[in-house]
Amino acid sequence: MANISELLNGWGFGKQTAIGTANLVATIWRHTNLNTKPWAKVPVNEDDRAEIGKGHEFPTQLFKSHYNMPAYELSKYASSEFLAWAMSFSMGNVAVSGSGPYTYTILPALGATNPTGLELPYFSFVQQIRPGGSAVLDEMLVGCAVKGWKLSIKNSPGRASAMCAVECVTTGQYTSPSGITLPAISTPHEFNAGMISALTFNGINYLTGGSAKQFVSMEASWENNFRPGFFPGSGSQDGYQIQGRFEWGDRAFAVQFVVRVQAGSTEYANLINLTTGTATFTMTRDANNSFTMLIQKMGFNVAELGNTDGIVTLQITGVQLYDPTNGMVTMTVTTPLQGICQ
Amino acid sequence: MNSVFMRSPEGEVKEVEATTEKLTILMASGWHQVPAPTAAQKPVVVAEEEEQHG
């Protein structure tokens, strides 16, 4: 028996060299996770109930089918390291500069020019409970990818005001025992909503402009909509078929935010006039830790009047348009950690 | 000035200033970062030209 609090999580901050080649320990970090479940392995069996010729309709034999690995959520307080990791592995085109701190510039990769086609970087995921001779759990899942993420900014105090949840998928390939000695737990450089240093959406400055103190919350999300990765030659583990690739489908980038309504609010005018503009969201902890999401062309799709805790508010659903020169969105993250997605 | 080496979809490699504005324009059109060439290495653009012309 073991308490779930004994569960140790580590995963590759560097990328695997191939989907079936695990991270080396030097490129694995260890972090806490607010998701209290381990990543379950789900082998699927099938039987012969549909086959006639047995003389009856009942199944008589079991067959190994495939690993149907569920998606797994890494839920953390937003930090410079974790945001750099989440954005890099979910979007794919990463340029890193500097010699400490390091600045990561991240854009969604294009299928036509991405060196790995429609595939994003892969990483390994290690989960352990009492690793060693009598481990309760010790395995490394190989060939994991980031399916999507959600960044939530709330009108509340503390680290919970800036959260990032990342949904991951994996092929079904694993090694057990992992053979990995996890490093000491990382101390991330976390943000909170009080550290927002730029907040301008579609021409409205919600931080220092005439609309200051008007902002309530924001949710931004990215979804890669991976296609199933089973194909001839995709591989097997324990006699079960595994997935051999995760190719992005129709990717979706969503942004919703809530603002207090005041006299002269221009959100409605922006919506009905089809006004578009850039959107800049920045959190700055210090000179070594910052995060900026620059949406190149945002319009408003919905502006719904409501109330939040008794205050009249508008819930705005943005529509992020692709700009032919600058693309859709640029994430810029400065963090002390080197080698993320490298 | 921080700089990075970027490679175009056509294979051209050039050193660019690592600002969000400059990198965004390149990366949005398919450029990717590549390692800095070592001092002994010729720039890829030059090497390709030599290969074409013998």
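Reader: In E7(A), which residue is the bridge partner of Ser97(A)?

Author: Thr103(A). Strands here are DSSP runs (E, at least two residues), as are helices (H or I, at least four), numbered from the N terminus. This is a predicted model: local features need pLDDT of at least 70, side-chain atom pairs count only at pLDDT 80 or more, and totals for chains, interfaces and linings use all residues. Residues are numbered from 1 along each chain as its sequence is written, chains are lettered from A and ligands numbered from 1 in the order in which they are written, and side-chain values use heavy atoms, with hydrogens and water left out.

Reader: OK. How many bridges join E6(A) to E7(A)?

Author: Six, and the strands run antiparallel. Two strands pair if DSSP finds at least two bridges between them.

Reader: What about the turn of that hairpin: which residue takes a positive phi?

Author: Gly98(A), near 95°. Four residues lie between the strands.

Reader: And what does E7(A) join over five bridges?

Author: E21(A), again antiparallel. Tyr102(A) has Thr335(A) as its bridge partner there.

Reader: Is E7(A) mostly covered or mostly open?

Author: Mostly covered. Six of its seven residues are buried, meaning under 20% relative accessible area; exposed is over 50%, and partly exposed is in between (1.4 Å probe, protein chains only).

Reader: Switching to E8(A). How many of its residues are buried?

Author: Seven of seven, spanning 123-129. Phe123(A), Phe125(A), Gln127(A) and Ile129(A) point one way. Ser124(A), Val126(A) and Gln128(A) point the other way.

Reader: Which strands pair with E8(A)?

Author: E1(A), residues 8-12, is antiparallel to E8(A) over four bridges; Leu8(A) partners Gln128(A). E9(A), residues 137-153, is joined to E8(A) by six bridges, also antiparallel. Phe123(A) partners Cys144(A) in that strand.

Reader: Now chain B. What pattern does chain B follow along the sequence?

Author: β-β-α-β-α. That comes to two helices and three strands. Buried residues make up 31% of its 54 residues.

Reader: Which residues of H1(B) are buried?

Author: Leu23(B), Thr24(B), Leu26(B), Met27(B) and Ala28(B), within a helix covering 20-28.

Reader: What do they pack against?

Author: Strands from both chains. Chain A gives E6, E7, E19 (289-308) and E21 (329-335), and chain B gives E1 (3-7) and E2 (13-17).

Reader: What follows H1(B)?

Author: Gly30(B), with a positive phi near 100°.

Reader: How many residues of chain B are in contact with chain A?

Author: 16, against 20 residues of chain A. Contact means heavy atoms within 4.5 Å.

Reader: What area is buried between them?

Author: About 1400 Å², with 60% from carbon and sulfur atoms. Buried area is the accessible area (1.4 Å probe) that two parts lose on being put together, summed over both.

Reader: Which elements of chain B give two or more residues to the side touching chain A?

Author: E1, H1 and strand E3 (32-34) of chain B. H1(B) has the largest share, six residues.
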